[in-house]
Amino acid sequence: MRIWPLDSLKKGIITTKFPKKENETISPWSTLPKRKNDEDVFCPADAIGTEGVDLKKCISCGLCDSSFEPSLKTDNYSMIRKEPALKKSFKIFAIDSGTCGSCNTELHSINNPYYDASRLGIFFTNTPKQADALAIMGVYSEKMVPVIKEAISAMSRPAVIILFGACPLSGNIFGKSLESIIEPDLVIGGCPPDPFVIIEALEKVRGRKQ
Amino acid sequence: MNNITGFFEKDGKFYAIKDGTEIIEEISLSELESLRIYNPVRGVYNHGVSGENVFPFNYGPSTGGMIETVDFKIYTYGERILSLDIITDFKNRNMKITGHPYQEAILIMERFNGFHSFSYSTLLSREIEQKLSMQVDRETVKTRVILLEIERIISHIFKTARLCEAASQNIASYWLLALRERLMRTVAQETGHRYMFGINTVGGLRRKIDCNKIVEVAGKVVSEYKAIIDGLTVSRIFIDRIENTCKVDGQFQRGPALRATGTQYDYRQFDPYYSSMDFKPVSETGGDSLSRFLVFSSEVFQSLEIIQKASKGVFGEYKAIDSNQMRSGGIETPSGDARIALEIGDGEITFLYLRTPSMLNMEAYAEGIRGNVKTDIPFAYESFGLWICEMGCIK
């Protein structure tokens, strides 16, 4: 008979020390691309501008690889407002407005033993009533608008709203963004965002990382 | 008669796609109406019932318990499920591929189901290559086969983890999630993306991929997966939860859900990429969640064998031969076979029909869950490997 807890102890610790120490790995094209030469290049998401790549539009496809390379940095997010009152404990409720499934699984990846976000006081909750943060993923879907609005009004305050991934930020290359109906406190870029990027962004919006 | 597995309308005529053949046949509307398979026009999987003290119990559309947005309307008078409506269109994305150039169409297709993105992008790339009578080199075929099987392993490990979580086998669930993460990190290092986005293109692959490291890590991951499966299959707590849960028979469901009913049907049997593999599908006869679990866990070991054979084997060049006749290609995604009907012109997609495995498996799930109790819902759901994103409209 297998004694699961004993077998687990034998495996040792695999959890990262991030954000105290450097991230061990990252999904290259989920980070914001940086220019390596001046050659003009086509971007299907129209994310390339004079000031670089727009994190809201970039869909992590790597089609720009003749002129750009992955930055491999964990800074693919932008914070509008931080909420230091959530430093101790941070409960997330995820809403899928119209995703391909990868953002959903990447957000929940921060719970797997390699990241173990609970060591940082980050948890998931099954109801918006108990949530400190609402992570909204996917493109605009008409039927989901009242669901999202109801979830926002059900949340207790203080709380933060997060737009998660390229779909709600720009509509990706096939849909409409959610920015016209939601004012976010934090936007996380990437298609989908890498778990290390997610952890760093969440730590920052809680005021735990400068 | 071959099983009809999909149908579509084009220029006022109806066409049927059948199992075991790529030829598309014209079909009358009256024949279509008598089919048992999911009708995409209907949109809602409606099985409402009424009776004394029967009430609909709503679960969804947005809850922490489900990965994706879906609304279940459970008809019950207490604990037993009399029937189940599944409302999947809350997150309908109405994706439009027609009118897009090939590469953009492939990018959109990857985002149709990001979890099985490589299967779908390979399906579309290969179908365009067929239409263009394009020759694909042996290295591309080999890498595609390896990555398709890696995607299957990742998907099946995730499904096992979700099943363990539903059955409160939390340690096993976390072990499995760690295995999946290990494999995904290797995939990210070698392919540039954790979900293999941006790799496929018409005629080949956009990045040079060295599969040796992926194959090596897959070997270690699968051997640890075996140790976990050995532990789960002797756990009465786990087996009791999934045995006799959501029993389905019939022929219309896809993938492991179909093979768990004793039907040896797997699109890889007909797939030219697998022609040198001597491929034989894994099957079970129970038709319940346990049988589905046994099928997809065995497929993880089978996928590793295919990967190891492919990495050592020599593939022939894959020459697509297109006939002018309308045909339907397919691919065995981790959830079952997806079928496609495609037309192209002037460098862009002009017509697309896609039948995904979840379209049919959702109907099978709704039928099988009748008579079970509410706590069986998560075990049954996870054992099918259903993806709501696959249910959306794509043109």
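In what order do the 3 strands of the open sheet in chain B run, and is the pairing parallel or antiparallel?

1. The order is E1-E2-E3 in chain B, and the pairing is antiparallel. Here, helices (H or I, at least four residues) and strands (E, at least two) are DSSP runs, numbered from the N terminus, and two strands pair if DSSP finds at least two bridges between them. Strand E1 (4–10) and strand E3 (25–27) of chain B are the edge strands, each with a single partner strand, so one side of each has no neighbour in the sheet. From one strand to the next, the twist averages 40°.

2. Before going further, a word on the source: this is a predicted model, in which local features need pLDDT of at least 70 and side-chain atom pairs count only at pLDDT 80 or more, while totals for chains, interfaces and linings use all residues. Residues are numbered from 1 along each chain as its sequence is written, and chains are lettered from A and ligands numbered from 1 in the order in which they are written.

3. Back in the sheet, E1(B) and strand E2 (residues 13–18) of chain B run antiparallel and are joined by 6 bridges. Have a look at Phe7(B), which stands opposite Ala16(B) in E2(B).

4. Helix H4 (residues 138–166) of chain B has 29 residues, which should span 42 Å at 1.5 Å a residue (the expected span is 1.5 Å times one less than the number of residues). Its end C-alpha atoms are 42 Å apart, which agrees. Of those residues, 25 are buried, so H4(B) is largely enclosed by the rest of the structure; buried means that 20 or more other C-beta atoms, placed from the backbone, lie within 10 Å of the residue's own. After H4(B) comes Ser168(B), with a positive phi near 60°.

5. Helix H9 (residues 289–312) and helix H11 (residues 377–384) of chain B pack at about 35°, their axes 9 Å apart. Axes are lines fitted to C-alpha atoms, for helices over the stretch in contact, and angles run from 0 to 180 degrees between N-to-C directions. H9(B) supplies Ser289(B), Arg292(B) and Phe293(B) to the contact, and H11(B) supplies Phe379(B), Ala380(B), Ser383(B) and Phe384(B). Two residues are in contact if their C-beta atoms, placed from the backbone, lie within 7 Å.

Technical notes
Buried ≥ 20, exposed ≤ 12 C-beta atoms within 10 Å, placed from the backbone.
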